[in-house]
Amino acid sequence: MATATYTGTEKPNYLNWKTTVASWLLTYDHKRIAILYLVSISIFFLLGGLAAAFIRLDLATPKGDLLTSDIYNKMFTTHGVIMIFLFLIPSIPAVFGNFLLPLMIGARDVAFPRLNLLSWYFFMAGALLVLIALFRGGIDTGWTFYTPYSSSFAKGEVSLAIVGVFLAGFASIFTGINFLVTIHKMRAPGMTWFRLPLFVWAMYATSLIQVLGTPVVAITLLLVAVERTFRIGIFDPNLGGDPILYQHLFWFYSHPAVYIMILPAMGVISEVLSAFSKRRVFGYHFVAFSSLAIAIIGFLVWGHHMFSTGQSMYAGIVFSFLTWIVAIPSAIKIFNWMATIWKGRVHWDTPMLYALGFMGLFVIGGLTGLHLAAMATNVHLTDTYFIVAHFHYVMVGGAIMGYLAALHFWWPKMTGRMYPEGWGKLAAMLVFVGFNLTFFPQFILGYMGMPRRYHSYPEEWAVLNVLSTAGSSVLGFGYLLPVIYLTWSLKYGKVVTERNPWGARGLEWELVDPVPDPHNFERIPIVTRPAYDYAHPEEPTGFVPKPRPVVVGGKDG
Amino acid sequence: MWNFPLVPPTASEEGVGISILYWVITGLAVIFGSIVLFGVIYLAVRYRADNNAVDRSNAVDSDLRVELAWTLVPLVLALIMFGWAAKLYADIYAPREGYYEVFVIGKQWMWHCQHPNGVRENNVLTLPAGRLVKATIISQDVLHAFSIPAFRVKRDAVPGRYNAMYFTPTKPGEYHLFCTEYCGTKHSEMIGKVIVLPEKEFQAWLEKGGQGLATATTSMGGGAAAGGGTLTLAQQGEQTFKALGCNACHMNPNSAVKVPDITKTWGSDIMLEDGRVVKGDEAYIRESILNPGAKIHKGYQNLMPPYQGQVSEEQLVQLIAYIQSLADSSTGGN
């Protein structure tokens, strides 16, 4: 186990048992790989946020006085590509999935630790190519890379960015495969499927999408690069291709990808609501299966992005029908979460504030999805700011609130330090208020018809746009605060000496050291209770069996 | 600055139904949203940890009846709303009869509109109030989308494919016209206006060849036609037909080559060599000009040279109007 480098007197943990740079960059430890991901995606989040700030500042005036239209187009492309491919998709799976999955199911690591490290290298290589493309003049295709603009018209290093996204996609596939195998094969004794924490169910559903969907978008984007480079006609009608085919292939992945972003957040919310209400998640089976239902039905709704393209009306009707159906599992989750709080003992700590904020914002995001599932209103609203507002409510209001809830909840376990509670609450409030100020006006703008990706707009929409820009400054400040105080807490935060500062249930809290041991558990634990067994606080979820006594001369078996 | 609308004008028949649907869905969203938002706040405050005055007995953690209730109620509502919205969509976007047709060509970064009588407009589309309009939309380069928020309708302009959109303007006035599909650098400048005129004023405007309004971009097509008259779109098509030499074989009784009778193409069912039957519509005519080998008329040989890259989208629209007029005159018009 722990060797040479650790010289302290306490029991070594995963952070301090080796401290060389090589021990981090060549680590197979799922917890360290999670930290590698955390540091990288935090940097990308700040870059993507910076691009968003430029967008909102430019839109503070109807003529868009800050940027030229060319720079503006590159800004929203930068924002979209970075936030989707380099932040949201890896965010909760690659950071918290990696860190928590083995701890939660009682395993020493994921099934394929080397593949896990390779995933981070693929991700970083992809990110590097994307950043090179951005710094060599940028690209202006939008994150959707719609053809034939991307393949035959756009200037800049589009192919380089596409290869970058391709590599990052494989990082995502590796993570998905790893989690699927880990959940199937490495659950501790007694950890049955229906004793799994709901976060694990959410990660399972997410991994299915990553493994089944990502290859499609990876190949599709590569085909764009092929058409662009070798002028082989695939999507450009001038070369005999079909631009609508691209949209089918792209959304076949990219709609399920929305669920890659939101399902893990839903898993986090189940954990946090339960821990801070001190109650078992209501309707465990329904919440678990709704994740799978979302993942499966989510593969069959991609055509709702294409109602206005002229796709067959009957295809459109089927896609619309399935889109209405996919809303139901999300509704089931929301109602079950409400029932979880009911008759609980609710603690208003920062992670809980983010979880409650998630419920508020996700509900607005989900319900405005109904306007878009409805064919007749979809066509009016598609490609307007209504869409922009809707998906930000889901993917920022939902996914990032979930991410921040997770970050605060598991911060003591990951770092051994507590974040400052007062600052945490203030930031949660600022994010919630700033978010609504930024994006709610965009629903109104969208219904009035303001197109998305516009660098200038008619005068009469100035007031709402100024409001949105003002809100974004509050939101930006709200996001900067955690960056500052969490970094601060690494050195000055209160040291956490107990295993379970929140009094939560779950192996990662009850059986793992305050800061986990490099190998998680001395021996594989045995699970004896269902998840969230708050009704029986005296009996822990499981136990770590004592080592068998060594019998001299006897046979070990 | 204080011109500060919160809803768009509603200026088409279709827009009325779509607006009603929008507000009904919004109403449902407000009801469900309020239940969740206020419910969460109420529960989280009432059951806060330090409040020991509340009853926490019988705190069950699952109940099939409530699960079914909050699954089935939203499901039934969802199915009703799905049906309503799909029916409304089908009524608006399925092919309709008795329309005034305009052709719209999108290109980086302008909208080019052609009226049947030959009037052309750029970034402006003038229409009569109270009449069903069919806009046939295509792009000559990248994707665009033709969006008129006041009418609540939108259709993508796709290169190589005609998309149709139907609407009935009701209120005279000027409305925003946007490109809503990102199309490159000047995407946000690919805007214009739709001008709706009362029927009589519109007819007068048409007869004056699109003059008389303060739309400097409006112009007459056809150039200086013989006799000083103006040419309709179909007549422009006939000129193009001759200029491209199509009449060497088609519409030529003395042609040495056996060609299909294009006066019977429009609107008919065409039997192909491989046994398929296709409709003689815009898409078929367009393809048969650009790439004649793609669909060979049964009983004929693939002799015509492809015109891909030699005919502009404007000329294609003229040729389609011309072939359409041939069928209309041979069957007594519509």
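How many of the 557 residues of chain A count as buried? The answer is 63%, and the views below take this predicted model piece by piece.

**View 1. Chain A as a whole.**
Let's start with the chain that carries 16 helices and 2 strands. Its C-alpha atoms fill a box of roughly 80 × 50 × 45 Å along the principal axes. The radius of gyration of chain A is 24 Å, which agrees with the value near 24 Å that a compact globule of 557 residues would have. Take the contacts in chain A between residues at least 6 apart in sequence: 81% of them join residues at least 24 apart.

**View 2. Two helices of chain A, α6 and α11.**
Helix α11 of chain A covers residues 350-373, and its 24 residues reach 34 Å from first C-alpha to last, close to the 34 Å expected at 1.5 Å a residue. Buried residues make up 24 of the 24 in α11(A), so this helix is largely enclosed by the rest of the structure. Helix α6 of chain A, residues 158-185, has 28 residues and reaches 41 Å, close to the expected 40 Å. In α6(A), 20 of the 28 residues are buried, so the rest of the structure largely encloses this one too.

Tyr534(A) sits in the loop between β1 (526-527) and β2 (542-543) of chain A.

Zoom in on Thr147(A) and Pro148(A), which are joined by a cis peptide bond with omega of about 0 degrees. Pro148(A) belongs to the loop between α4 (113-135) and α5 (149-153) of chain A. Then move to Arg231(A), which has a positive phi of about 55 degrees although it is not a glycine. Arg231(A) is in the loop between α7 (198-230) and α8 (243-277) of chain A, and it is exposed, with 12 other C-beta atoms within 10 Å.

**View 3. Chain B as a whole.**
Here you get 6 helices and 13 strands. Chain B has a radius of gyration of 27 Å, well over the 20 Å that the globule rule gives for 334 residues, so it is more spread out than a compact globule. Along the principal axes its C-alpha trace spans about 100 × 55 × 40 Å, and 39% of the residues of chain B count as buried.

**View 4. Two domains of chain B.**
The domain assignment gives domain 1 (1-45 + 95-223) and domain 2 (232-330) of chain B. Their C-alpha centres lie 31 Å apart. The contact takes 13 residues from domain 1 of chain B and 11 residues from domain 2 of chain B. On the domain 1 side, β1 (100-107) and β5 (133-139) of chain B are the elements that give two or more residues. That side divides into 5 nonpolar, 7 polar and 1 charged.

Trp109(B) lies in the loop between β1 and β2 (110-114) of chain B. Asn58(B), in the loop between α1 and α2 of chain B, has a positive phi of about 55 degrees although it is not a glycine. With 6 C-beta neighbours inside 10 Å, Asn58(B) counts as exposed.

**View 5. Where chain B meets chain A.**
71 residues of chain B are in contact with 71 residues of chain A. On the chain B side, α1 (13-46), α2 (64-93), β6 (144-148), β7 (153-157) and β9 (173-179) each supply at least two residues. The largest share, 16 residues, comes from α2(B). The chain B side divides into 45 nonpolar, 14 polar and 12 charged residues.

**View 6. Confidence along chain B.**
The model scores ipTM 0.92 and pTM 0.92, and chain B averages a pLDDT of 88. Among the elements of chain B, β6(B) has the highest mean pLDDT (97) and β11 (residues 219-220) the lowest (46). Over residues 214-229 of chain B, pLDDT stays under 50. Where pLDDT is low, the predicted coordinates should not be read in detail.

Definitions and conventions. Residues numbered from 1 in each chain as written. Chains lettered and ligands numbered in written order. Predicted model: local features only at pLDDT ≥ 70, side-chain atom pairs only at ≥ 80, totals over all residues. Contact = placed C-beta atoms within 7 Å. Helix = DSSP H or I, 4+ residues; strand = E, 2+ residues; numbered from the N terminus. Nonpolar A, V, L, I, M, F, W, Y, C, P; charged D, E, K, R; others polar. Rg over C-alpha atoms; globule rule 2.2 N^0.38 Å. Expected span 1.5 Å × (residues − 1). pLDDT = per-residue confidence, 0-100. Domains from an automatic or database assignment.
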